[in-house]
Amino acid sequence: MIDLIISSIVLAYLGVVCFVLDDRKSDRVMLPLLWLSSLLQVIVAAMFYLSPNPIHAVFLEVNGLGEVYGLRVDGTSVFTAFVVSTAGAVFLTYAVRYMDDKNVGHPHRGQKGRFYGWMMLFLGSTLAFIYSSTVLQMLIFFELMSVACWGVVGFYGSKRAERAALKALLIPNFGAIVGFYTAVAYGLKYGNLGLDFLGALPEMEKVILFLCLMVAAFTKSAQFPLYSWIPDAMEAPTPASAFLHGAAMVEMGVYLLIRVVQFMEPPVTVFYPMALILVATLIVAMLQYPRQSDAKRLLAYSTIAECAIMYTGVAIAVLGNPLGIKAALFQLMNHAYLKGLAFLTAGTFTYYYGTLDMRRIKGLKETPLLAYSWSFALLGLAGLPPFGVFFSKLYIYLNAGEMYSVPLGALLLLVVLADSVVLLYSALKSINSMVFSEGEPKRVDGIISGTLCSLILLSLISAFIGYALLGVVQ
């Protein structure tokens, strides 16, 4: 199993060779590497599900520092890598068509290799981060993800794109300095950089380190007050936006805090600042939904809120209920495919209509696939059944337990519900304007049709897959 994981990560990193290839060659190189890497992660998930025995492989130890490099293969890492790989494979396959010269809004010529290079670096670094067994390792791949994010956000080279890219690099990097540098400092103090040392810290040091790593996680996930980089990052090509929001980067902030809670078992006192920030984040998102006319910016604020909902599951775990971790991971999976569907549908607006302005996109009913995919994505993200997010939000409420008796916890759960209501209002308004109006039909390309249909299917079955896989999460 370790060999399969290493091979999957290496295959993703080999994709950086696309930087020096032309469009046709980069397609031929990227797709086999991408799908083989994804297939290996699916095999790993199947193997672990059939025989859920955690593996801790140590590859490098140093006197005075303990473990420096290794892999943690457990239910949490396997589950998350499965989501990242499967969603990433669909998103990057879509990019084969999106990054061509027929794109009305962003015609591309001779740019595929550079885009694929950044995206495969992104994928490889995300997978390596997920399986990391030390805080130093996590820091390295945390920063590599930020570098790849900088590359795709600034891809088009405009002043707005370059400014957004710099923001996407600096804000998470600030979080890394606060969180991971502190963690490494504690690791050096105690002579152990492995994740296990988190649980051996004195209580006050646990509080300090948890709050510092929370800053790292929250900057990565664009939580209040450092959330503005994620709407600005919509300057990226849409397949990159889908990956950034649906399978990597922001979800890796959630994954980081899940890991911290699992290995540290932090004092309950950290719940209060955490919950307060999550409430503020959700309120900001709710206030922004009705104001958005750009489809991708609407989805960006939805991502900010959905991450806050994932963190609500983590907060449940902080209060002592380990099912909170499962709730956070369940939400992570269900959100990934729906948010990918939403972004790739928005990408078709750019591709066929040349705009993301929802006020200018009319008559989607004339192109049924786009009408269904946009409607399903928005309604699903708002939490309506039968889409997966409904079940993961329900799972949070059913397992909130102690949160109902803590005033701030009860407020957080109430605001999560309010967020769904406001997003549903904005979704219905958008659907009414964009779908049930007069317009011209569009002929949707086979690759785009295939990826959208795949994501619709995954959005409908993700709850069943996720619930089964959660059985191996400890």
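Glutamate 438 is exposed, with a relative accessible area of 61% (exposed means over 50% relative accessible area, buried under 20%, partly exposed in between, using a 1.4 Å probe and protein chains only). Its salt bridge partner is lysine 365, with the closest N and O atoms 3.2 Å apart. Glutamate 438 sits in the loop between H16 and H17, and lysine 365 in the loop between helix H13 (323-353) and helix H14 (368-381), so the pair ties together parts 73 residues apart in sequence. Lysine 365 is partly exposed, at 37%.

This is a predicted model, where local features need pLDDT of at least 70 and side-chain atom pairs count only at pLDDT 80 or more, while totals for chains, interfaces and linings use all residues. Residues are numbered from 1 along each chain as its sequence is written, and side-chain values use heavy atoms, leaving out hydrogens and water.

A search of the whole structure turns up 12 salt bridges (a side-chain nitrogen of Lys or Arg within 4 Å of a carboxyl oxygen of Asp or Glu). Here are three of them:

| Pair | N to O distance |
|---|---|
| Glutamate 438 and lysine 365 | 3.2 Å |
| Arginine 97 and aspartate 445 | 3.0 Å |
| Lysine 393 and glutamate 306 | 3.9 Å |

Lysine 393 and glutamate 306 make a buried pair: lysine 393 comes in at 6% relative accessibility, and glutamate 306 at 0%.

Arginine 97 is partly exposed at 22%, and so is aspartate 445 at 23%. Salt bridges that share partners also join Arg97, Asp100 and Asp445 into one network.

Technical notes
Helices (H or I, at least four residues) and strands (E, at least two) are DSSP runs, numbered from the N terminus.
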